[in-house]
Structure formats: structure tokens, C-alpha cells
Amino acid sequence: MKLNEFYLARNPPIVTDRLSYDRMLDELMHSGVGDLIVTDENGTYRGLLRCTTLMRQASEEHWELLLDKDAPAFKLGDDLKSVLRKIIEHHMSSAAVVDENNKVIGGLTDWELLAKVILRLTTRVTVEDLAEVEPFSTIWWGTPLYLAKRIMDIDKSTCAILIDEHGKLAGTLDYPAILRGSERVTVEKTSSLIGPSGDVGGWDPDSIFYITKKVLTPSNKPCKEFMYPLLTCYQESSVQECAKNMLTKRVPAIVVIDYNENPVGVLRKRTLLRAALS
């Protein structure tokens, strides 16, 4: 099966590198995906701007330095399984489709691939057949959002399962959700150029330089205010059923539980795409 226009996203998250930092954040917040496809002013593919990278390096205002230039782009006519395999391997939620001159002509998103690939599978595949679920953090839902982000950073997880005051599963949290709950705070540093011996050379020793930059700061509010509704499944659940629930509820993660309702892992959209490779 080949990649063709049927699989292209209707509204791909494509932006130009001319956008300001604030505009880029707005686009990422409202795109509904975790990656933006970035082009230059002529439409040539430059790379992906990833929400995960942006949140982990939230003090870097020059977003173009954070571009993932190694994220592959695809062409119409490419083998579909090969495309899906690379999307999974590179942890991509969006991907560029380019022409022979590397000009972006469209894009793929994991949301639409779920609908156009996984829901159309004719063979039943179970969660257990995928042989892989993603690691997760477990966080109390009253934890401030900024602290929840720190926990996920330390755990190197991209998703957290939130539990309520009774220890029950309550919902999930990921970096796009944290981004939506973050503010852009302007911080200011002061500096003066004075030599180690007090010699200021040609500089006025009383001169002070003010350096300002914007920093993404997650909210102090409880992370439960930003979580996704809880979706669960069992190892025996079909990936088609999981994909349908994700798409219907527009929730990007499903908690895999055992029959004691204990979490054993998390299914993300790209995890479900593995079903098409079997």
C-alpha cells in the first residue's frame, strides 16, 4: 500500500519560520497535535517544532534553535508501512509530505492516521499484540502543574496518570496539556561589564545592561484542571476499539489496566499505529 492523498490531513499543522515566538506558541497550543511542520518563506521543509522539546527547554526563546531537523519528510508514493514505521521510530505526531524539490505539499497527523488506517484494519489486533505500552508517571491530581512537569521531566515520561484523593485513576496529562496551562513570563537579568581588577576599560562602570526574555512557566493550579478525561482498556481490548474511543473523546492517551484496575501502561496514538505494521 502506498502513501497517497487520501491519508493527508485536512488541516495540517504547517507554519513558516517567519512567525514570532508568541505566534508559534499560539499555533502549537491550538493545533491539537504535539508537533508543528515548519517551512521557510518559500515553503521548503525545515523540520519539526516539538511541544516536548519546547516544554523541556522552556527558557529558550529562539524557537528556531529547537527545530528537529532530522525528522523525516515523506513523498506521495512512499510505502505506507515504511512511513508509519518512521513516524513511530521518530515519535512524531505530525509529518511533512514534500515534492521532489523538498517543498511541503501537505502533512500527516497521528489523529487522522488513526481514523484512516487503524479503524480500517480488517484483522482484529489486541493491545497485548502490540507488545509495547509507554512508560508513565503517576501523580496526585492536586499537584501543581509546574511540579507535575518536573516529575515527568525526571521520569523522562511523556504522559502521566493522575490519581484522585482516594487513590483512584482520574485522568491523564501530557506536554501539550501542560503547554496549554503555561504562561509566558518575561524575566529580566541585569549585567555590567567590569574587569576582574575593577578596570572598566572604555565602559562606564555604572552602566547596567538589562536582558529580557520570555519563559514558559506552567501554572500553580492543580494539574487536574488541565487533565484529559480518563479512558481505560484491557490487554485484550482491540486496537480498533481503542482508536475509536480516542477519536470520539479526542483524548490522546488510554490507560491500560489489569482486572484489579491497576495501571500497567499507557497507549498513545503512535503506539496504536504499530497495529498496521503486523
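A residue counts as exposed when its relative accessible area is over 50% and as buried when that area is under 20%, with partly exposed in between. The views below use these words for a predicted model.

**View 1. Arg18 and Glu41 form a salt bridge.** The closest N and O atoms of the pair are 2.7 Å apart. Arg18 sits in the loop between β1 and α1, and Glu41 in the loop between β2 (35-39) and β3, so that 23 residues separate the partners and distant parts of the chain are linked. Arg18 has a relative accessible area of 60% and is therefore exposed. Glu41, with 53%, is exposed as well.

**View 2. Asp17 forms a salt bridge with Arg46.** Here the closest N and O atoms lie 3.0 Å apart. Asp17 belongs to the loop between β1 (14-16) and α1 (21-30), while Arg46 is in strand β3 (residues 45-50); the two are 29 residues apart, and the pair links distant parts of the chain. Asp17 is partly exposed, at 22% relative accessibility. Arg46 is also partly exposed, at 26%.

**View 3. A salt bridge joins Arg268 to Asp174.** The closest N and O atoms are 3.4 Å apart. Because Arg268 lies in strand β14 and Asp174 in strand β8 (residues 169-174), the pair ties together parts that are 94 residues apart in sequence. Both Arg268 and Asp174 are buried.

**View 4. Arg10, Glu112 and Lys116 are linked in a network of salt bridges.** In total, the structure holds 10 salt bridges.

**View 5. Helix α8 (residues 239-249) has buried residues Val239, Gln240, Cys242, Ala243 and Met246.** Seen down the axis of α8, these residues fall within an arc of 160°, which means that they line one face of the helix. In general, residues three or four places apart in an α-helix point the same way, because there are 3.6 residues a turn. Lys244, Thr248 and Lys249 are exposed on the other side of α8. The cover over the buried residues includes the helices α4 (110-116), α5 (127-130) and α9 (269-272). It also includes the strands β12 (232-233), β13 (253-257) and β14 (263-268). Arg250 follows α8 and has a positive phi, near 55°.

View 6. Cys159 is buried, with a relative accessible area of 2%. Cys223 is buried too, with a value of 0%.

Methods: Residues are numbered from 1 along each chain as its sequence is written. This is a predicted model: local features need pLDDT of at least 70, side-chain atom pairs count only at pLDDT 80 or more; totals for chains, interfaces and linings use all residues. Side-chain values use heavy atoms; hydrogens and water are left out. Buried means under 20% relative accessible area, exposed over 50%, partly exposed in between (1.4 Å probe, protein chains only). Helices (H or I, at least four residues) and strands (E, at least two) are DSSP runs, numbered from the N terminus. The arc is that of the directions from the helix axis to the C-beta atoms. Contact means heavy atoms within 4.5 Å. A salt bridge is a side-chain nitrogen of Lys or Arg within 4 Å of a carboxyl oxygen of Asp or Glu.
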